[in-house]
Amino acid sequence: MNDGLCDVLIVEDDGMQCLEMSGFLRRAGLSVESAADGTQAVSRSRFLRPKVVLLDYNLPDMTGVQAAEQLRAILGSDLFGQVENRLRINNQHMHIVAH
């Protein structure tokens, strides 16, 4: 069981997209936090312990794949690899890290 401080961490450097996604998820009753780059996402994940991370592929400081690898080391989950592989096959530009 995840005792995280938030349900969803959005990692997105486009402020408007982040606001739109977080608003939608909050209206659905989820607790949402955000990070503007991979470094901030990794740092915030250490204490937020999110259940899900919505991760942009093109971040200012690293790729979404690089950030996902670091998040996997922190959050660890077998589901992470299954979701990541499925998204790569479908050529999506958003990685989902589930914990």
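**Entry 1: surface and burial**

I began with the accessible surface: the chain exposes about 5700 Å², and carbon and sulfur atoms supply 51% of that area. I note that the model is predicted. Of its 99 residues, 41% count as buried.

**Entry 2: order of elements**

I then listed the secondary structure and found four helices and four strands. Read from the N terminus, the elements follow the order β-α-β-α-β-α-α-β. I also looked up how far apart contacting residues lie in sequence. Among contacts with a separation of 6 or more, 61% join residues 24 or more positions apart.

**Entry 3: β1 and its partners**

I examined β1 (8–11) and its pairing. With strand β2 (residues 32–35), β1 pairs in the parallel sense over four bridges; there, I10 has S34 as its bridge partner. With β3, β1 also runs parallel, joined by four bridges, and V8 stands opposite V52.

**Entry 4: side chains of β1**

Which way do the side chains of β1 point? I found V8 and I10 directed one way and L9 and V11 the other, and all of them are buried. I set beside this the general rule that side chains in a regular strand alternate between the two faces of the sheet.

**Entry 5: nonpolar cores**

I looked up the largest nonpolar core, which has 16 residues; L9, V11, V53 and L55 have the most contacts inside it. Two or more residues each come from β1, α2 (38–48), β3 (52–56) and α3 (64–75). The largest share, five residues, is given by α3. A second, separate core holds six residues, including I10, L25, V32 and L54. In general, nonpolar side chains of soluble globular proteins tend to be buried together.

I took V11 for a closer look. Beyond its neighbours within four places in sequence, V11 is in contact with A35, D37, G38, A41, V53, L54, L55, D56 and L59.

**Entry 6: C6**

Is C6 buried or exposed? I record C6 as buried, because its relative accessibility is 1%, and the cut-off for burial is under 20%. C6 lies in the segment before β1. Leaving aside neighbours within four places in sequence, I list S31, E33, L48, R49, P50 and K51 as the contacts of C6.

Key: Residues are numbered from 1 along each chain as its sequence is written. This is a predicted model: local features need pLDDT of at least 70, side-chain atom pairs count only at pLDDT 80 or more; totals for chains, interfaces and linings use all residues. Side-chain values use heavy atoms; hydrogens and water are left out. Buried means under 20% relative accessible area, exposed over 50%, partly exposed in between (1.4 Å probe, protein chains only). Contact means heavy atoms within 4.5 Å. Accessible areas come from the Shrake-Rupley method with a 1.4 Å probe; for residues, only the protein chains shown count as cover. A nonpolar core is a set of buried Ala, Val, Leu, Ile, Met, Phe, Trp, Tyr and Cys residues joined through side-chain atoms within 4.5 Å. Two strands pair if DSSP finds at least two bridges between them.
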